[in-house]
Amino acid sequence: MDAVKIAPGFEKIMPQEYQDLVSDGPYGRNLSVKDLGTFKELIDEHPLCAGCTLTLSFRMVLASLPNPENTLIVTCAGCFGVIHPQISLHCTIAPFGTHNAFASGLKRALKVKFPDKNKDVIAMAGDGGFSDIGLAPTFHSWSRGERFTSIMLDNECYANTGGQDSGMTPEGVALNMSPLGKKFPKIEFAQVAKLAGCAYVATATPTKPRLLGQMIRRAILISREIGPSFIRIATVCQTNYKLSPIDGYNRAKGFESQIFEYFTQEAQEYIEGIEKKSPKTGLNLGVGAENED
Amino acid sequence: MKEKKTVSPEYMILEAPREKKFLIGNEALAEAVKRANVDVVVVYPITPQSEISHLCGDLWAAGYIKEYYRGEDELHVMASMMGAASAGVRTFTATSGPGTLRAMEPFSCWAGYRLPIVCPIMGRGVGTPANIQPDSVEIFYLLETGMIIFHVESPQDFFDMTLQAYAIAEQPDVHLPVIVFCDGFFVTHTREIVEITPDDEFLHPYDSNLSPVPAMDMEAVPVRMARDCLVIKNNFISYNANASWQQEVRAARDRARKHIDRFMGGPLEVINPDAEVLIMASGSAAAQARVAIEMAQEEGIDVGMVKIKVIRPFPAAEIARLAEKVKLIMVPEFNFIGWLAKEIKAVVNNNAKVFSGPNVFAGMTMPPEVIVDELKKLLKLAKLRR
């Protein structure tokens, strides 16, 4: 927790928002999505489009971290390439598509450096980052059993570059590099994750925040103890799909039918064991405080 | 992990007793890696680099390296190195030829992220037509990546310069990646006497608290910190931050010069500096030039030699000074394009006296006789011109 505190004498020159993080941030408090609005969030302003459901998902992910004081995020080019300097965690941008390779090196090095401490690493990228340019390192990090969580924020296109089709764009959608409609179907990425050896695979939507939060926690805890985990958060880029924010939200709501969870047997037993221990806290698993310095 | 006796780089490089061993270049390099107390190694096989990757695997299995794996390809190995080095541990990897080119995107990031990664490159032919033979063309691609670049002449250099690379890369006022480049096969697979330090003395562990950029480990303040500069915002402050950051990388590389003087005895080795003619060379070409100047001197030619050990930061002032009184400079190279001659021409006054060649490539050898013959032709030409 010392990593958060302001060194004596520097209180006055640190910006108010940082002081708020120290006095009212989520570190060491075991908060969850249902506490949103009651604490200083890890991100509270951003330059992305108004009403973006992907950004909303991102905010929920940050609010669901079981252990924010020991969480690190690796991103790459994409919409959160733009917001990564504003996240109140150690966070970096890897060369496009290499996020899971970067995270592999980072996680293993942190294990060498802090053998007795959990350091949760999250590789977070868009649908193009995972399914197209980053497919090889993503697949290989899973097949090596790397102990970190991969989160795909799937908005069904390359959004930050101006709206082009990605491997995760549904067939038939006309975008800037598929002017006659995309000619081939959306990749079944959850199947790729299962085949590559993920211990936990899930699809979430921002329209079910508590479920999304539960999935994030499960994914992170499983990646600590059992094996790699992958979550796809199903949204749509309303800017490039030319939707109003409310239509974008409704479209994401339509994805609720895609929600699913897959566990390996070992992962399932592990999660059941933890959730049995703290049934009353329910979704808020009560894990993380044990990691206190 | 065994208890290790650790020592300072100053002691290991400058003072420690040395023992003679009969080693090929790759084995000499592995001895250096063993002594460097490396935390994380990620490698991908390619000829002629593969052997050092095997030897690192053996070092890991024996407990000398803490973490080791074979990555998926060079692009992602070099990205994994970024992750590991960002966390604040000591790292090592190596590659060759096409692997270097595949990894160019992360290579262009390492210096900007201020990561003190040490990466030997065993140079070989690249591109068309396909070729695995010794070549130093890759350095040309790496010159402006912001990295420090050493060029190795012999297995002895490979041992020394790798340890010197760690010592210099990790200086708080430098903190940059170092490429330790050798011409493949000529150095990697040549066996000669190498003087190495005791094998029970290891460098002190890397201390990420001395890094000018905080380690990415959620232990360093402040938590609202992006490891890289604010690259993606569209406003003056972020343009300014990015511009200053790029200049600082180059300034840090220049600050390496004093450490190069201390640990390497300077960026150059000069033989007979007052001669009328100087052969300036790096890597294996310097090894051939070393023999060639003796042969030429026997024939009465007043010739000296400058071995350029450090390609970046380029020893521009030293080379310009040496060139002042010389009538002719000849630059033999193991590549087609003659990048070293271009570098020298760019810093020497009256650079019409700088001649590129002989340029040998695609696996051809450069016998010292060829250098002497070329030198005689140049001297005849120079006389005619006068």
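This is a predicted model: local features need pLDDT of at least 70, side-chain atom pairs count only at pLDDT 80 or more; totals for chains, interfaces and linings use all residues.
View 1. Take the contacts in chain B between residues at least 6 apart in sequence: 82% of them join residues at least 24 apart.

View 2. Along the principal axes, its C-alpha atoms fill a box of roughly 70 × 55 × 45 Å.

**View 3. A close look at helix 3 of chain B, residues 50–61.** This helix has 12 residues, and from first C-alpha to last it reaches 17 Å, close to the 16 Å expected at 1.5 Å a residue. Look for B:E51, B:I52, B:S53 and B:C56, which are buried. Among the elements covering the buried residues of helix 3 in chain B are helix 2 (25–35), strand 3 (40–43) and strand 6 (118–123) of chain B. After helix 3 of chain B comes B:G63, with a positive phi near 90°.

**View 4. Where chain B meets chain A.** Here 39 residues of chain B are in contact with 38 residues of chain A. On the side of chain B that touches chain A, strand 3, strand 4, helix 4 (74–87) and helix 6 (104–110) of chain B each supply at least two residues. Helix 4 of chain B gives the most to this side, with 10 residues. By class, the side of chain B that touches chain A has 22 nonpolar, six polar and 11 charged residues.

Key
Residues are numbered from 1 along each chain as its sequence is written. Chains are lettered from A and ligands numbered from 1 in the order in which they are written. Two residues are in contact if their C-beta atoms, placed from the backbone, lie within 7 Å. Helices (H or I, at least four residues) and strands (E, at least two) are DSSP runs, numbered from the N terminus. The expected span of a helix is 1.5 Å times one less than its number of residues. A residue is buried if 20 or more other C-beta atoms lie within 10 Å of its own, exposed if 12 or fewer, and partly exposed in between; C-beta atoms are placed from the backbone. Ala, Val, Leu, Ile, Met, Phe, Trp, Tyr, Cys and Pro count as nonpolar, Asp, Glu, Lys and Arg as charged, and the others, Gly among them, as polar.
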